[in-house]
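Good morning, everyone. Please have a look at the model on the screen before I start.

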Amino acid sequence: MEPISLVLLAALAGGAGGEAGKQAFASLGALVRRPFQRSDGMPAVSSGEAELVALERSTAPENVHALGTALAVRAALDPEFRTGLQQWHDQAKLVRTGDGGVANTISGGTFHAPVQQGRDFSGTSFPATPPAPPAEPAPGPATSQG
């Protein structure tokens, strides 16, 4: 499992990503609040809930690190949680949190096809063949007026 991005945790906790970011952070809370599958003889470790609450109150770096550590330890000890956390992380990475820029430019002519400008599109498709450009009027016979 790849490490959970602390930058992503801090951004989502701070409200980045709009409604999608809020939903991603709420789903992390639901995951953390699931019962911790502890085995006999397992050391006493945090479920991550206290660290999550602390991060909700303040996005201070120490709170971000504490939650990241709690999540990593729990994932190492609880295979079901590890799977859920990896799925959450894969989805949460898709939320745009302002950690990149985009510059769109169209120039140099007339375009006759769909154009999208933005960043990180998903679920978008275009027809296999673009529509034909509008027909140019055929040149007619030259007439002179006299």
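I will go from the overall fold to the core, then to one helix, one arginine and the salt bridges.

First, the ground rules. This is a predicted model, so local features need pLDDT of at least 70, side-chain atom pairs count only at pLDDT 80 or more, and totals for chains, interfaces and linings use all residues. Residues are numbered from 1 along each chain as its sequence is written, and side-chain values use heavy atoms, with hydrogens and water left out.

Now the fold. The protein has five helices and zero strands. Helices here are DSSP runs of H or I with at least four residues, strands are runs of E with at least two, and numbering starts at the N terminus. Along the sequence the pattern reads α-α-α-α-α.

How much of the protein is buried? Of its 146 residues, 27% are. Buried means under 20% relative accessible area, exposed means over 50%, and partly exposed is in between, with a 1.4 Å probe and protein chains only.

Next, contacts, meaning heavy atoms within 4.5 Å. Take those between residues at least 6 apart in sequence: 58% join residues at least 24 apart.

On to the core. A nonpolar core is a set of buried Ala, Val, Leu, Ile, Met, Phe, Trp, Tyr and Cys residues joined through side-chain atoms within 4.5 Å. The largest one has 21 residues, and Leu9, Leu12, Leu28, Leu71, Leu85 and Trp88 touch the most other members. H1, H2, H3, H4 and H5 each supply at least two residues of this core. H2 gives the largest share, five residues.

Pick out Trp88. Leaving aside residues up to four places away in sequence, Trp88 touches Ile4, Leu9, Leu12, Ala24, Ser27, Leu28 and Leu31.

Trp88 is one of the buried residues of H5, and Phe81, Leu85 and His89 are among the others. These buried residues pack against H1, H2 and H4. H5 covers residues 79-92 and reaches 20 Å from its first C-alpha to its last. That is close to the expected 20 Å, where the expected span is 1.5 Å times one less than the number of residues. At the start of H5, a side-chain oxygen of Asp78 comes within 3.2 Å of the backbone nitrogen of Glu80.

Now Arg74, in helix H4. A salt bridge needs a side-chain nitrogen of Lys or Arg within 4 Å of a carboxyl oxygen of Asp or Glu. A polar atom of the Arg74 side chain does lie 3.4 Å from the backbone oxygen of Pro35. Arg74 also touches Phe81 and Ser46, among others.

Last, the salt bridges. How many are there in the whole structure? Two. One joins the side chains of Glu49 and Arg33, at 3.4 Å from N to O. Glu49 sits in helix H3 and Arg33 in the loop between H2 and H3, 16 residues apart. Glu49 is partly exposed at 34%, and Arg33 is partly exposed at 40%. The other pairs Lys93 with Asp90, with the closest N and O atoms 3.9 Å apart. Lys93 is partly exposed at 38%, and Asp90 is partly exposed at 34%.

Note on methods:
A polar contact is a pair of N or O atoms within 3.5 Å; within protein, one must be able to donate a hydrogen and the other to accept it, and residues adjacent in sequence count only if both atoms are side-chain atoms.
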